[in-house]
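This briefing is intended for a reader who has the sequence and the coordinates at hand.

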Amino acid sequence: AQSVTQLGSHVSVSEGALVLLRCNYSSSVPPYLFWYVQYPNQGLQLLLKYTSAATLVKGINGFEAEFKKSETSFHLTKPSAHMSDAAEYFCAVSASNSGYSTLTFGKGTMLLVSP
Amino acid sequence: SQTIHQWPATLVQPVGSPLSLECTVEGTSNPNLYWYRQAAGRGLQLLFYSVGIGQISSEVPQNLSASRPQDRQFILSSKKLLLSDSGFYLCAWSLGQGETQYFGPGTRLLVL
């Protein structure tokens, strides 16, 4: 079974500061890992995805994440926060089986950006 | 390109009333389809998934049901809504093993 833990339900940063959102996973097989962003009253939008290729994955809006197998982590970073980054972020791990993939999500981290 | 639609966008229903939420996907064939519920502070909970017409798997026993009458149509239903059914319902689709899931805009359901 897969599981995801996101450390911190809320993270506050100042505009221009580094963004670091933490995600640790548990998986019995090599995982696929995802970060999604959700703006208020909207669906989830894919930020980036790890599929066992390069361990450093670059996504949209300047975000990137690094897969660290030894630490079972997939933390999301952005060098400089923008006000428009304020949203909820979800880390997810896939359980691939028989042609379909179910995603197990973390509980989410709300990113607050102050001017 | 592929698009996913959900309707209605918002719904207010009394306890005990029926429910029907619809999700349709355009621009792809034979997608895997998913229904999630998002309750405040509780993340996303997978309710149902489907790998083909008429094939539904339930992840959580409850008073909800799902159907897939056509390849790109996924319906979430209930005969009698409970207060606890309130939440944000998200439909998603993917192609194949390990592929990304793409989400619809969601339906906000409030049961009073």
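The points below are grouped by topic.

The model is predicted. Chain A and chain B bury about 1700 Å² between them, and the aromatic pairs over all chains number 14.

**Interface between chain A and chain B**

- On the side of chain A, 24 residues are in contact with 23 residues of chain B.
- Of the roughly stated area of about 1700 Å² buried between the two chains, 54% is on carbon and sulfur atoms.
- Four residue pairs are in polar contact between chain A and chain B, with both residues at pLDDT 80 or more, while the count of salt bridges between these chains is zero.
- The elements of chain A that give two or more residues to the side touching chain B are strand S4 (33-38), strand S5 (44-50), strand S9 (87-97) and strand S10 (100-105).
- That side of chain A is made up of nine nonpolar, 12 polar and three charged residues.

**Backbone features**

- In chain B, the peptide bond between B:Trp7 and B:Pro8 is cis, with omega at about 0°. B:Pro8 belongs to the loop between strand S1 (3-7) and strand S2 (10-13) of chain B.
- A:Asn61, a residue other than glycine, has a positive phi near 60°. A:Asn61 sits in the loop between strand S6 (56-58) and strand S7 (64-68) of chain A, and its relative accessibility of 41% makes it partly exposed.
- A:Thr72 is not a glycine either, yet its phi is positive, at about 45°. A:Thr72 is placed in the loop between S7 and strand S8 (73-78) of chain A and is partly exposed, at 32% relative accessibility.

**Aromatic side chains**

- By the rule applied, the count over all chains is 14 aromatic pairs. One of them joins A:Tyr50 and A:Phe67, whose ring centres are 4.2 Å apart; the pair is stacked because the planes are at 15°, under the limit of 30 degrees.
- A:Tyr50 in strand S5 and A:Phe67 in strand S7 are 17 residues apart, so the pair links distant parts of chain A. A:Tyr50 is buried at 6% relative accessible area, and A:Phe67 is buried at 9%.
- The rings of A:Phe63 and A:Tyr89 have centres 5.5 Å apart and planes at 45°, and the pair is therefore tilted. A:Phe63 lies in the loop between S6 and S7 and A:Tyr89 in strand S9, so this pair ties together parts of chain A that are 26 residues apart in sequence. Both A:Phe63 and A:Tyr89 are buried.
- One aromatic cluster is formed by A:Phe34, A:Tyr36, A:Phe90, A:Phe105, B:Tyr34, B:Tyr36 and B:Phe103.

Definitions and conventions
Residues are numbered from 1 along each chain as its sequence is written. Chains are lettered from A and ligands numbered from 1 in the order in which they are written. This is a predicted model: local features need pLDDT of at least 70, side-chain atom pairs count only at pLDDT 80 or more; totals for chains, interfaces and linings use all residues. Side-chain values use heavy atoms; hydrogens and water are left out. Contact means heavy atoms within 4.5 Å. Buried area is the accessible area (1.4 Å probe) that two parts lose on being put together, summed over both. A salt bridge is a side-chain nitrogen of Lys or Arg within 4 Å of a carboxyl oxygen of Asp or Glu. A polar contact is a pair of N or O atoms within 3.5 Å; within protein, one must be able to donate a hydrogen and the other to accept it, and residues adjacent in sequence count only if both atoms are side-chain atoms. Helices (H or I, at least four residues) and strands (E, at least two) are DSSP runs, numbered from the N terminus. Ala, Val, Leu, Ile, Met, Phe, Trp, Tyr, Cys and Pro count as nonpolar, Asp, Glu, Lys and Arg as charged, and the others, Gly among them, as polar. Buried means under 20% relative accessible area, exposed over 50%, partly exposed in between (1.4 Å probe, protein chains only). Rings of Phe, Tyr and Trp (its six-membered ring) pair if their centres lie within 6.5 Å; planes under 30 degrees apart count as stacked, over 60 as edge-to-face and the rest as tilted.
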